[in-house]
Amino acid sequence: MADALTVIPTSVIRNLSDKLYEKRKNAALEVEGIVKQLAVAGDHDKITAVINLLTTEYTYSPQANHRKGGLIGLAAATVGLTSEAAQHLEQIVPPVLNSFSDQDSRVRYYACEALYNIAKVVRGDFIIFFNQIFDALCKLSADSDANVQSAAHLLDRLVKDIVTESDQFSIEEFIPLLRERMNVLNPYVRQFLVGWITVLDSVPDIDMLGFLPDFLDGLFNMLSDSSHEIRQQADSALSEFLQEIKNSPSVDYGRMAEILVQRAGSTDEFTRLTAITWINEFVKLGGDQLVPYYADILGAILPCISDKEEKIRVVARETNEELRAIQAVPAEGFDVGAILGIARRELNSEWEATRIEALHWISSLLYRHRSEVLSSLNDIFHSLLKALSDPSDVVVLLVLDVHAGIAKDPQHFRQLVVFLVHTFRVDNSLLEKRGALIIRRLCVLLNAERVYRELSTILEGESDLDFASIMVQALNLILLTSSELSELRNLLKHSLENSAGKDLFVSLYASWCHSPMAIISLCLLAQTYQHASAVIQSLVGEDINVKFLVQLDKLIRLLETPIFAYLRLQLLEPGRYIWLLKALNGLLMLLPQQSAAFKILRTRLKTVPTYSFNGEQFRRTSSGNPYQILHHMPSGSQITEDGDGMQDGGNSHNGINFALRLKQFEEMQHQHRMHAQEQALSSNSSTTSLSKEVQRNEEPRRPSSSDTSGPPSRSSKRGPGQLQL
């Protein structure tokens, strides 16, 4: 300091800290001249002493005017040094940078002015301080004082000019600082950062594209800024980078893909659109680099397919098709399990379009990478079954396509049907609302006979008898009405003629025993009319309940549809199809006379001609009543199932043991009756004592020995044409 005082007059020392700007300015000019003389003389020791004096006594002084004078003095000293200033920058620049955070706004302003003048002198030599200068400018760009902001902007433009022409700038050292600052939310700072990114990207010798993953997320953050200008600047910068990516032979797609995937889920519409647009270009350009990221990319695309914004939906669908068209293999890093996980997750999406595309992906993977998908089957099978309850029919049909693809293997076919039955058991509403759709589609995809045989095998041993009855009734209705099962019906019609029909009839019979009406329908379809009549005759009072009558009503109406046209035509030959007449009359006798079904069936039977009977066997009744036909059969005559002759007394035909089948049916119905009784007892046991007393009071009075006026007792044995009442 002593050396400095010997070269700087006392008046200059005093005026540097004066409150008047003009005096400080004049003092600084004096300092400039003194330093210039010392530089010419090469006396750098005294120059160092002068700079130390300006730093310690002025720039770090607690007095604001001293700090202002010190900053002006340092700038003046630098100007005086001219070309030799570089060797003293380590002393000059740090105190100026320190003043950028001064509490006094005027000091901060003079710091900007001082550094501006210093930068004009040293130009590229001050690049070694670039990160500190950048950090200071970043803060000053959001300064509360408008004059300081204005000064900072002037300094910023000069620094940009110097950097763009310098060959000493290190982008590697700068990027960490930029990445750190990119998360700042202040709009002025954001404008400052985008401006620097744009400038640096314009410099040919600076590879900003190589460092794009470090600040890409920050740029996307700015797309949702409240300021339209900032959004526009960020979008412009991103568009420029995307164009560079398209023209660049080497790009790190992977790191950026992770960022884009996150941004595709942004709540901001413009951010989502930009992110999905970038992903679209990456899928087209990225090639093998993106294979490990396909699952993440798919996770971003699928939700966007259902976006409320049409532009996003269009780009997302295009990207999805591009991605699915790529023929990647696990050996290249293609993670089938991860893709399946994403598809499974999106099966729970609230949007139908997304669920549909998720199923398309599962189907596509199943076709291309079957073994890998099957190895992950346990992870997705439950979700696929759950999707059968989807409110969209399109989704359900696609789920069934996937299930059918899986079920091509026998073990998976069995698993599918077992799980399907289980699902119907625990969710009766699914069976009611979607049962027909599901079963019919599976029959188309997996062969109707195969599906029905497997279902029958499972239901035959079903412990839940109520569910088994409902399920069989549903399957029976589908069998009788669905166009997809026409071949199965044709096969059953020939049960008495060929082994294939017989095997199917026997296979279904075991489970159809859960429902009397299903068995009767099956027999009518298979033209085993004599057995149908025997089944009807075997029914007891407990079997003929409301549920039975409802099912019978449906059957009578079905008999009038084109499906049973062959049966109605057979009524033209009552002599040949006597057991058909007997079966239909049996059904008629079970129906309440006032019901619509009774009237429909009675009307149909009235049209049966009687003149076609063989005159030697039957005689036409005088009344023409078709119900009397059965009473005019010759004594001891036996008619087989189709009326063409006798065979085993009507107990077997084409290898079908009908006596055994009837026993099987009766045993199953006995189980159902016992089950119903157990349910009734269980229900009764839970009632109150009062309700029990009321029930006892309502029991019918037993007839006494004196009640001799009642009808005679009936035998429990029934004739071949009688029903027990």
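In the predicted model, helix α14, spanning residues 253-263, packs against helix α15, spanning residues 269-286, at an angle of about 150°. The axes of the two helices lie 9 Å apart, and α14 passes α15 in a left-handed crossing. On the α14 side, the contact is formed by Tyr253, Met256, Ala257, Leu260, Val261 and Arg263. These residues meet Thr271, Arg272, Ala275, Trp278, Ile279, Phe282, Leu285 and Gly286 of α15. By class, the residues of this contact comprise ten nonpolar, two polar and two charged.

No disulfide was found in a search of the whole structure. Cys513 is accordingly in no disulfide, the nearest cysteine sulfur being that of Cys523 at 9.0 Å.

Confidence was examined for the protein as a whole and for two segments. The mean pLDDT of the protein is 86, and 88% of its residues reach 70 or more. Over residues 613-640, pLDDT stays under 50; for this segment the model has 45 contacts beyond four places in sequence. Residues 643-650 also stay under 50 in pLDDT, and here the model has 15 contacts beyond four places in sequence.

Technical notes: Residues are numbered from 1 along each chain as its sequence is written. This is a predicted model: local features need pLDDT of at least 70, side-chain atom pairs count only at pLDDT 80 or more; totals for chains, interfaces and linings use all residues. Side-chain values use heavy atoms; hydrogens and water are left out. Axes are lines fitted to C-alpha atoms, for helices over the stretch in contact, and angles run from 0 to 180 degrees between N-to-C directions. Helices (H or I, at least four residues) and strands (E, at least two) are DSSP runs, numbered from the N terminus. A crossing is left-handed if the near helix is turned anticlockwise from the far one by less than a right angle, and right-handed if clockwise. Contact means heavy atoms within 4.5 Å. Ala, Val, Leu, Ile, Met, Phe, Trp, Tyr, Cys and Pro count as nonpolar, Asp, Glu, Lys and Arg as charged, and the others, Gly among them, as polar. pLDDT is the predictor's confidence in each residue, from 0 to 100. A disulfide is a pair of cysteine sulfur atoms within 2.5 Å.
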